[in-house]
Amino acid sequence: MRGRGFPRPRNGAKGEKPVNFDALFGDLAQHTVDGLSKGAIYALVALGYTLVYGVLRLINFAHSEIFMVGTFAILGTWSLLGVADNPPIGMAIVYLLIGLVVGALASGATALTVERVAYRRLRRMNAPPLIFLITAIGLSLVLVELFALWMAGFFSGRGFTENRLVIGIPPLLKQETVLSVAGADITNVQIIMVVAALVMLYGLDQFINRTRYGRGVRAVAQSPDTAALMGVHQDRVIMLVFVLGGLMAGAAALLWNMRYGITKFDIGFVVGLKAFTAAVLGGIGNLRGALLGGLLLGVIEVYAATLTRSTWEDVAAFVVLVVVLIFRPTGLLGESLGKARA
Amino acid sequence: MRRKYVRALGAIGLSAALIGAAGCQAEEENSAGGNDCGGKIAIFGAFSGPNSGLVIPSRDGALLAVKKHNEANPDCEVELQEFDTQGDPTQATPVANQVTGDESFLGVIGGAFSGESKATMAVYEAAGMVMVSPSATAIELTAGGNEVFHRVVGNDAVQGAAAAVYLRDVVQAKKVFVINDGTTYGAGIADELTKSLGELAGGTDQVQEKQVNFAATISKIKAAAPDAIAYGGYTNEAAPLVKQLREAGIATPFLGFDGLYDPSFPKGAGASAEGVIVTCPCLPPDQAGGTFAADFEAEYGGPPGSYGAEGFDAANVLIEGLAEGNTTRADLLAWVDSYDKEGVSKSLKFADSGDVDESRVVIWAYEIKGGEITAQQEIKLS
């Protein structure tokens, strides 16, 4: 029955056009909406990569698992509350808000743990950057296997058993078309996703630019030593950026559960990879760049999948990434968390 | 990048396991052999890992067959040794070398999946060791003239043709949108369906493994407006696909193949899976001949799942051969080639290619009802 490991290109049915421009341009507005809502999750996860990179100049490869933990924590809470399919709208909103809090807390706590376990001690010992890469990958593997072996079973209500299967999450909001713009049917969930991403970014942007804590983050990003001399507590700032990244990943986890209604122990891998790509595309270290990169990546993928097949979406995404990096090596908006304008 | 680390770790773990297994074997060798009756066979497949749910019932069926035989014939015991490959061709290859290198093994049950079967069949052929697979259905396995490979299930060509019959006669579809996941199995069986559908095939898309967002596929389906959708692939992608289809308001009948004959599919897709049709060249457990279903339930405390009856049959073909005094690999291979008996899943006889004789293939349509895969009807090809 199964034939893993021997992928082979196939030609489709006769008469199938290899590149179908009609499909893309006939319904461009719809595909754009689909892409933006897909990219919203990339954008929120990308913020976590970008924040940590902006301050530490390190890629936190365990961030994908911070997102994955969020999806499971929300699933567990919902099943504990006995959420059934499509509850009345009032209850759905309550559940979603509870989900947001739980997801943010779980992901935030995981992010803190990651910082504590995989980063802090090494940082004190001035380990070279490569070491952080390995510890983060190691921790990420530990988290993935932890969930595969025990936690996924636990959160899906089957006790601490091995569960590597797709786990369904009850749909809370019935996806309905609420708006039609230029031929595109926009659903309630799609609106929530894109608006949520924009609101979260705006909040984060304001936090970094306007508050005392934010100033600390910018100071450490610009020059850790000078910031320390000026009385900025570096460890606290670093913990803060990890937590902020975790909160965003938790929010992304909620949107994920709402939109896709499934999770799995290794769900973080692809999302994390795409979000990291989005962060690089927009300019890693740049908050607005992460949002732009995420949304753009989502749109490119949907365009490419429509134009040819879904198989080609990754190819298109990375081709665009490479082309952008050739002309703008620091991404579309450049690295700028440390700069005055953030 | 991370995947490589996983592979590397897996390789280390595997080699440790192999060394351990090799150590055990050295001790056992003296006890086996020297007897004109009974002998030792191997079984390999994904007994752990993400795809094990599809395979474990067939292994349990095989273990049951061995147990029953040994209880009835204490003076002619058959030994069945398990080799876990996780369904991975790269893990199945060292297993094949180990099994063929050990003279005490006379035959092998497997592989459970097509990929691992394809990767190892040349090794077994070189050693003249007969393979009987309970569940590998890819067409190419029997198309290459391999001398030792046999299987007790119908291949994907038969299943594709049966699905086409079902879509035409039962669903009465005029236009079928065919989606595949780009794997050997998924693309292969979708191809067979498309061929059999002929003019009814209207629209296609290819998705990829680990894909979660199917917005583009869904807009293609909307544009094509088919009256049935068929999917060649597995639960991992099918569950979110069906969910998103239904949420997008597309209520078109959805048909999957035996890759979705998997209890985790209705669990993952939830209410969206209701009414989905799954075809399988496997018999509903309660339809199996003899006392198989009852025996299985008594042994394992649950009904046999996917390919349980086929695993039982595959084991019995080899066990009977051993009991008849076929104590060399060549004799056992000849025995299987000329086998013609009633099994519990179907009446078994092999064509020269190693496929089960075409007149004896059984294909069933199952429907997801109340979150369970329930037998709906047998699909008659003619």
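A:Phe276 is partly exposed, with a relative accessible area of 21%; the scale here calls a residue buried under 20% relative accessible area, exposed over 50% and partly exposed in between, with a 1.4 Å probe and protein chains only. At 2% relative accessibility, A:Tyr49 counts as buried. The centres of the A:Tyr49 and A:Phe276 rings are 5.7 Å apart with the planes at 50 degrees, so this pair is tilted. For the cut-offs, rings of Phe, Tyr and Trp (its six-membered ring) pair if their centres lie within 6.5 Å, and planes under 30 degrees apart are stacked, over 60 edge-to-face and the rest tilted. A:Tyr49 sits in helix α2 (residues 28-56) of chain A and A:Phe276 in helix α10 (residues 267-282) of chain A, so the pair ties together parts 227 residues apart in sequence. Helices (H or I, at least four residues) and strands (E, at least two) are DSSP runs, numbered from the N terminus.

A quick word on the ground rules, friends. This is a predicted model, where local features need pLDDT of at least 70 and side-chain atom pairs count only at pLDDT 80 or more, while totals for chains, interfaces and linings use all residues. Residues are numbered from 1 along each chain as its sequence is written, chains are lettered from A and ligands numbered from 1 in the order in which they are written, and side-chain values use heavy atoms, leaving out hydrogens and water.

Back to the rings: over all chains, the structure holds 22 aromatic pairs. One of them, A:Phe21 with A:Phe25, is stacked, at 6.2 Å centre to centre and 10 degrees between the planes. Both residues lie in helix α1 (residues 21-25) of chain A, four residues apart, or about one turn of the helix. A:Phe21 is partly exposed at 46% relative accessibility, and A:Phe25 is exposed at 52%. There is also an aromatic cluster, made of A:Phe72, A:Phe147, A:Phe154, A:Phe155 and A:Phe160.

Now, which residues touch the most other members of the largest nonpolar core? They are A:Ile41, A:Phe67, B:Tyr124 and B:Phe265, in a core of 211 residues. Such a core is a set of buried Ala, Val, Leu, Ile, Met, Phe, Trp, Tyr and Cys residues joined through side-chain atoms within 4.5 Å. Helix α9 (residues 234-260) of chain A gives the most to this core, with 16 residues.

On to chain B, which is divided into domain 1 (35-154 + 286-350) and domain 2 (157-280 + 363-378); the bounds come from an automatic or database domain assignment. Their C-alpha centres lie 29 Å apart. Eight residues of domain 1 of chain B are in contact with nine of domain 2 of chain B, contact meaning heavy atoms within 4.5 Å.

Finally, the sheets. Two strands pair if DSSP finds at least two bridges between them. One open sheet has seven strands in the order β7-β6-β8-β9-β10-β13-β14 (chain B), with mixed pairing. At its edges stand β7 (201-206) and β14 (372-378) of chain B, each with a single partner strand, so one side of each is left without a neighbour in the sheet. Strand β6 (residues 176-180) of chain B pairs with β7(B) in the parallel sense over four bridges, and B:Val178 stands opposite B:Thr204 in β7(B). Another open sheet has five strands in the order β2-β1-β3-β4-β5 (chain B), with parallel pairing. Three bridges join strand β4 (residues 130-133) of chain B to β5(B), and B:Val132 stands opposite B:His150 in β5(B).
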